[in-house]
Amino acid sequence: MTENTNISNYIFYLSYLNRKLCRFFKQQSPYIHCKKGCAKCCKTGYYPMSKIEFDYLMVGFLQLPVDTQQKIKAKIKNIKEAKSQSDKNFVHDCPFLINNECSVYNFRSILCRSFGLMSINNDGGATKIPFCAYEGLNYSNVIDAKTQTISQE
């Protein structure tokens with residue numbers, strides 16, 4: 001299978017996934033406080049992705065203006081240097097975050113697309129809320145930060 005076919009299949013899958021995610025975000029909208037420019041989820045984290053996600057991200061990267069590409073490359077270089085001098089629990093800002101906005105938003109990974117939603121842990125049934133709930137954002141209107149429990153209103 002060629003890389004273009006893989007990307008085409010991935011785009012088809014993203015179309016399906018985005019419809020699902022839109023429904024989830026709509027269902028959880030009373031608790032979601034995400035807005036353009038917040039970017040808390042893009043700072044000080046880990047950004048794992050599969051090869052196909054990375055390949056698709058690169059499609060978006062190559063469509064960016066050259067000056068934006070250079071900014072991202074400089075950020076990646078700085079991240080690599082900092083990581084080489086850090087421990088194995090190294091966290092960093094996403095290099096694609098420019099002025100608190102995702103420069104490759106339409107090409108972002110699945111992790112980025114789904115961040116902010118509450119989920120249920122399949123292992124024990126525990127509810128998982130995004131970290132931003134403890135910073136007054138998503139789900140902060142239904143979570144008790146001291147006990148880390150969700151009110152059953």
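**A predicted fold in questions and answers**

Of the 153 residues of the protein, 29% count as buried (under 20% relative accessible area; exposed is over 50%, partly exposed in between, with a 1.4 Å probe and protein chains only). This is a predicted model, where local features need pLDDT of at least 70, side-chain atom pairs count only at pLDDT 80 or more, and totals for chains, interfaces and linings use all residues. Residues are numbered from 1 along each chain as its sequence is written, and side-chain values use heavy atoms, with hydrogens and water left out.

Trainee: In what order do the elements of the protein run from the N terminus on?

Mentor: Helices (H or I, at least four residues) and strands (E, at least two) are DSSP runs, numbered from the N terminus. The protein comes to 4 helices and 6 strands. The order is α-α-α-β-β-α-β-β-β-β.

Trainee: Which element has the highest mean pLDDT?

Mentor: pLDDT is the predictor's confidence in each residue, from 0 to 100. The protein averages 85, and 89% of the residues score at least 70. Strand E6 (residues 149-150) has the lowest mean among the elements, 60. The highest, at 96, belongs to H2.

Trainee: What span does helix H2 reach from its first C-alpha to its last?

Mentor: H2 covers residues 51-62, so 12 residues in the helix. The expected span is 1.5 Å times one less than the number of residues. For H2 that expectation is 16 Å, and the helix comes close to it. The span reached is 16 Å.

Trainee: Which residues of H2 are buried?

Mentor: An α-helix has 3.6 residues a turn, so residues three or four places apart point the same way. In H2 the buried ones are Glu-53, Asp-55, Tyr-56, Leu-57, Gly-60 and Phe-61.

Trainee: Is Cys-94 buried or exposed?

Mentor: Cys-94 sits in the loop between helix H3 (66-84) and E1. Leaving aside neighbours within four places in sequence, Cys-94 is in contact (heavy atoms within 4.5 Å) with Cys-42, Tyr-47 and Lys-75. Its relative accessible area is 14%, so Cys-94 is buried.

Trainee: Which residues does Thr-68 touch, not counting those up to four places away in sequence?

Mentor: Thr-68 lies in helix H3. With a relative accessible area of 15%, Thr-68 is buried. Its contacts are Ile-98 and Ser-103.

Trainee: What is the phi of Asn-99?

Mentor: Most residues other than glycine have a negative phi. Asn-99 is found in the loop between strand E1 (97-98) and strand E2 (101-102). Asn-99 is exposed, at 71% relative accessible area. Its phi is positive, about 50°.

Trainee: Where is Asn-100 found, and what is its phi near?

Mentor: Asn-100 is partly exposed, at 31% relative accessibility. Its place is the loop between E1 and E2. Asn-100 is a residue other than glycine, yet its phi is positive, near 60°.
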